[in-house]
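These are my notebook entries on a single structure.

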Amino acid sequence: MSATILHISFAELCNLERLEHDVIVEIVSHDIVTPIQGEVAADWVFEASAVPVIKKAARLANDFEIDWVAVSMMIDLMQQKEALERENAAYRLQLERFIEG
């Protein structure tokens, strides 16, 4: 089984999500997301899975008027929380199987 990986270019991302070029450059420069291809911004290509992260980062910066370092930390903490929630759900499932079995 092969997985299909979708990509989106820098220009497509700016147009589709109505984001300023500078916003995406800031997001990349603070390692919130990393392009999978391209050396300069105009040539950047992102995995489609990066789009929600980019949107969330832009919204945090805009809505809370915080700097990009704080946005990066918040995104990292949110991703850690989501990972812990997934791990907890898996442990709960194992525990239920253990108790039932």
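**Entry 1. Helix packing.** I began with the residues that join two helices: Val23, Ile24 and Ile27 in α2 meet Ile54, Ala57 and Ala58 in α3. I then sorted this contact by class and found 6 nonpolar residues, with no polar and no charged ones. The model I am reading is a predicted one.

I next looked up the geometry of the pair. The axes of α2 (residues 21-29) and α3 (residues 50-64) come within 10 Å and cross at roughly 105 degrees. Angles of 65 to 115 degrees count as roughly perpendicular, so I recorded α2 as roughly perpendicular to α3.

**Entry 2. Nonpolar core.** How many residues does the largest nonpolar core have? I noted 23 residues, and those with the most contacts inside this core are Ile24, Ile27, Ile32, Val33, Phe46, Ile54 and Val71. I then asked which helices supply the core: α1 (10-17), α2, α3 and α4 (68-100) each give at least two residues. The largest share, 8 residues, comes from α3.

Leaving aside neighbours within four places in sequence, I found Phe46 in contact with Leu6, His7, Ile8, Phe10, Leu13, Ile24, Val28, Val33, Thr34, Pro35, Ile36 and Ile54.

**Entry 3. Backbone.** Most residues other than glycine have a negative phi. I found Arg18 with a positive phi near 55 degrees, and Asp31 likewise has a positive phi near 55 degrees.

Where are they found? I placed Arg18 in the loop between α1 and α2, and Asp31 in the loop between α2 and β2 (45-47). I also checked accessibility: Arg18 counts as exposed because its relative accessibility is 76%, and Asp31 is exposed because its relative accessible area is 62%.

**Entry 4. Salt bridges.** Side chains of opposite charge can pair when their charged atoms come close. I counted 4 salt bridges in the structure and looked up details for several of them.

I took Glu17 and Lys55 to begin with: their closest N and O atoms are 3.6 Å apart. This pair links distant parts of the chain, since Glu17 lies in α1 and Lys55 in α3, 38 residues apart. I recorded Glu17 as partly exposed at 26% relative accessible area, and Lys55 as partly exposed at 43%.

I then turned to Lys56 and Glu82, whose side chains meet in a salt bridge at 3.6 Å, N to O. Here too the pair links distant parts of the chain, with Lys56 in α3 and Glu82 in α4, 26 residues apart. Lys56 is partly exposed, with a relative accessible area of 32%, and Glu82 is partly exposed at 33% relative accessibility.

I noted Glu85 as partly exposed at 42% relative accessible area and Lys81 as partly exposed at 49%.

Note on methods. Residues are numbered from 1 along each chain as its sequence is written. This is a predicted model: local features need pLDDT of at least 70, side-chain atom pairs count only at pLDDT 80 or more; totals for chains, interfaces and linings use all residues. Side-chain values use heavy atoms; hydrogens and water are left out. Axes are lines fitted to C-alpha atoms, for helices over the stretch in contact, and angles run from 0 to 180 degrees between N-to-C directions. Helices (H or I, at least four residues) and strands (E, at least two) are DSSP runs, numbered from the N terminus. Angles under 35 degrees count as roughly parallel, over 145 as roughly antiparallel, 65 to 115 as roughly perpendicular and the rest as oblique. Contact means heavy atoms within 4.5 Å. Ala, Val, Leu, Ile, Met, Phe, Trp, Tyr, Cys and Pro count as nonpolar, Asp, Glu, Lys and Arg as charged, and the others, Gly among them, as polar. A nonpolar core is a set of buried Ala, Val, Leu, Ile, Met, Phe, Trp, Tyr and Cys residues joined through side-chain atoms within 4.5 Å. Buried means under 20% relative accessible area, exposed over 50%, partly exposed in between (1.4 Å probe, protein chains only).
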